[in-house]
Amino acid sequence: QVQLVESGGGLVRPGESLRLSCTASGRSFSNYPMGWFRQAPGKEREFVAATRWIGGAAYSKHYTDSVKGRFTISRDGDKNTVSLQMNSLKPEDTAVYYCAASSTRGLIVGQMWNPVNYDFWGQGTQVTVSW
């Protein structure tokens, strides 16, 4: 049984940093896309960042425009862990953050933003940015 377990959420002030981590168990995702989505109250779930295996030890990284330059996604360890380093946090980053993994190895860049292309999801971790 596949499980994705997130950690690292919390309450921070604007301008501060947080690091989210997500570890998958039950199968290997080393050659498959993994990413992060978020959902704020009253809003739809939206894409934040994702990584995609492109061969050898290389992964491409993709971000939504609002987090470029502030957030960094990485694949760690045996590549079944995906982390999101979030710097210069803003109140509008407040949301529940979800880790996601796809069972489609060949997911193209244009498909990575769409949550329907991810088959496995974590339970979510709350990130609150407030004074």
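These questions and answers cover the sheet, the aromatic contacts and the disulfide of a predicted model.

Local features need pLDDT of at least 70 and side-chain atom pairs count only at pLDDT 80 or more, while totals for chains, interfaces and linings use all residues. Residues are numbered from 1 along each chain as its sequence is written, and side-chain values use heavy atoms, with hydrogens and water left out.

Q: What makes β1 and β3 a pair?
A: Two strands pair if DSSP finds at least two bridges between them. Strands are DSSP runs of E, at least two residues, numbered from the N terminus. β1 and β3 (residues 18-25) share 5 bridges, in the antiparallel sense.

Q: Why are β1 and β7 called edge strands?
A: The open sheet has 4 strands in the order β1-β3-β8-β7, with antiparallel pairing. β1 (3-7) and β7 (71-76) each pair on one side only. From one strand to the next, the twist averages 15°. Angles here run from 0 to 180 degrees between N-to-C directions, with axes fitted to C-alpha atoms.

Q: Why is the pair of Phe29 and Phe120 called edge-to-face?
A: The search of the whole structure finds 5 aromatic pairs. Rings of Phe, Tyr and Trp (its six-membered ring) pair if their centres lie within 6.5 Å; planes under 30 degrees apart are stacked, over 60 edge-to-face, the rest tilted. Phe29 and Phe120 have centres 5.6 Å apart and planes at 70°, so the pair is edge-to-face. Phe29 lies in the loop between β3 and β4 (34-39) and Phe120 in β10 (residues 120-121), so the pair ties together parts 91 residues apart in sequence.

Q: Is Phe29 buried or exposed, and what is Phe120?
A: Buried means under 20% relative accessible area, exposed over 50%, partly exposed in between (1.4 Å probe, protein chains only). Phe29 has 0%, so Phe29 is buried. Phe120 has 23%, so Phe120 is partly exposed.

Q: How do you know that the charged end of Arg27 sits over the ring of Tyr32?
A: The test asks for NZ of Lys or CZ of Arg within 6 Å of the ring centre and within 35 degrees of the ring normal. Arg27 lies 4.7 Å from the ring centre of Tyr32 and counts as over the ring. Arg45 sits over the ring of Trp121, at 4.8 Å from its centre. Trp121 also forms one aromatic cluster with Phe37, Phe47 and Tyr118.

Q: What makes Cys22 and Cys99 a disulfide?
A: A disulfide is a pair of cysteine sulfur atoms within 2.5 Å. The sulfur atoms of Cys22 and Cys99 are 2.0 Å apart. The link joins distant parts of the chain, Cys22 in β3 and Cys99 in β9 (residues 95-101), 77 residues apart. Cys22 and Cys99 are buried.
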